[in-house]
Amino acid sequence: GLQWLGHAFEAKDFHAEIFNSELNAKEIYNQFMAHLHSFKSAELQAIKDTALKTIFIRTIQFRKLKKQVKNKFFANRPFLNSPCKKCKNEPDNKKCIQKVMISPTKMDESLIGCGVSFAPREKITAVPMKNSQSGQFEPRCVLHPEKDLGLKAIRCSPEILDRCGSMTYYFCDKKAPNEVLDFWTYGAFPDHVLQNLILHHRRLQNVKAIKRGKQFDSYSQGEMFAKGSRAPKGGLPGDSYAMYVGMEAIDEESINALFDDAEVWFFFHIFVVLT
């Protein structure tokens with residue numbers, strides 16, 4: 001993940017062998033980031049290279065956002081498994097972190113491709129699913145999560161959210177109660193961070209839309225937008241991957257698109273790291 005810094009040094013004819021050590025690379029990266037954060041706004045705005053200025057500003061903003069999200073989650077607890085100061089004396093069903101014990105089972109294959117919705121059956125239809133053997137699209141039914149699947153509704157408590165600022169459910173295996181299989185957090189982000197993420201997610205829709213291939217014919221809703229890189233269509237053996245149009249990081253707009261994508265991806269996966 002720090003290779004770009006080594007390549008940047010090599011491009012300026014500096015010795016980059018030190019980056020062969022992961023420990024040294026991290027240390028240099030941390031020192032560089034500390035120096036970058038010491039820049040004042042006027043110093044950043046004075047940078048004449050527009051691309052470099054954009055990268056520096058967005059990097060600083062990104063790291064500040066990460067800290068704000070982490071601070072919110074740990075506002076009432078010093079460590080992940082520490083009791084919350086505001087609800088540590090409450091019964092388990094009133095705490096802001098609760099465990100839901102489950103027994104993992106193999107999925108019924110007849111349910112694959114079915115829709116799941118609370119909506120009345122006459123108002124919604126499932127997307128047809130392609131049969132892997134016949135190649136034909138087959139209709140699928142829409143199932144009610146409680147009536148048909150017998151699922152238990154797990155909802156956020158407004159009382160807990162108001163008191164503690166967030167609420168998290170850990171889904172744990174009954175046979176291994178301390179093993180977290182999955183989780184769901186309400187109020188994970190400060191309001192201004194969430195609005196910023198929504199804005200950046202919407203901005204990604206300015207990237208050039210792509211044409212659906214046959215495998216996506218059944219997904220007829222809306223438009224599809226690419227992200228990341230791809231193998232060139234009709235390319236020769238050995239051709240390298242290329243970035244999609246709008247994410248090549250060759251101008252200010254596409255550099256911002258890369259940062260927008262990185263922010264949205266990171267923040268919606270951040271609690272995987274925390275757990």
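Leaving aside neighbours within four places in sequence, Gln98 is in contact with Asp92, Asn93, Ile160, Met167, Thr168, Tyr169 and Tyr170. The model in which these contacts are found is a predicted one. Gln98 belongs to strand β1, which covers residues 97-102. Its relative accessibility is 13%. Buried means under 20%, so Gln98 counts as buried.

Ile97 is also placed in strand β1. Its relative accessibility is 23%, and Ile97 therefore counts as partly exposed. Not counting residues up to four places away in sequence, Ile97 touches Arg77, Leu80, Thr168 and Tyr170.

Among contacts with a separation of 6 or more, 52% are between residues 24 or more positions apart. The chain exposes about 19600 Å², and carbon and sulfur atoms supply 55% of that area.

The helices can be taken next, starting with α2 and α4. Two packed helices are described by the angle between their axes and the distance between the axes. Helix α2 covers residues 22-37, and its axis comes within 10 Å of the axis of α4, with a crossing angle of roughly 100°. Angles of 65 to 115 degrees count as roughly perpendicular, so α2 is roughly perpendicular to α4. On the α2 side, the contact is made by Tyr29, Phe32, Met33, Leu36 and His37. On the α4 side, Phe56, Thr59, Ile60, Arg63 and Lys64 take part.

His37 lies in helix α2 and touches Ile60, Arg63 and Lys64, when residues up to four places away in sequence are not counted. With 33% relative accessibility, His37 counts as partly exposed. Gln61 is 24 residues from His37 in sequence, and their C-alpha atoms are 9.7 Å apart.

Helix α4, made up of residues 50-73, also meets α6: the buried residues of α6 pack against α4 and against α7. Helix α6 runs over residues 191-203 and has 13 residues. From its first C-alpha to its last it reaches 18 Å, close to the 18 Å expected at 1.5 Å a residue.

Which residues of α6 are buried? They are Val193, Leu197 and His200. These residues cover an arc of only 65° around the axis, which puts them on the same side of α6. The spacing of such residues follows a general rule: an α-helix has 3.6 residues a turn, so residues three or four places apart point the same way. The face of α6 turned away from its buried side carries the exposed residues Asp191, Gln195 and Arg202.

The other partner of α6 is α7, which covers residues 252-267. Helix α7 has 16 residues and reaches 22 Å from its first C-alpha to its last, close to the 22 Å expected at 1.5 Å a residue. Its buried residues are Ser254, Ile255, Asn256, Ala257, Phe259, Asp260, Asp261, Glu263, Val264 and Phe267.

Terms used: Residues are numbered from 1 along each chain as its sequence is written. This is a predicted model: local features need pLDDT of at least 70, side-chain atom pairs count only at pLDDT 80 or more; totals for chains, interfaces and linings use all residues. Side-chain values use heavy atoms; hydrogens and water are left out. Contact means heavy atoms within 4.5 Å. Accessible areas come from the Shrake-Rupley method with a 1.4 Å probe; for residues, only the protein chains shown count as cover. Helices (H or I, at least four residues) and strands (E, at least two) are DSSP runs, numbered from the N terminus. The expected span of a helix is 1.5 Å times one less than its number of residues. Buried means under 20% relative accessible area, exposed over 50%, partly exposed in between (1.4 Å probe, protein chains only). The arc is that of the directions from the helix axis to the C-beta atoms. Axes are lines fitted to C-alpha atoms, for helices over the stretch in contact, and angles run from 0 to 180 degrees between N-to-C directions. Angles under 35 degrees count as roughly parallel, over 145 as roughly antiparallel, 65 to 115 as roughly perpendicular and the rest as oblique.
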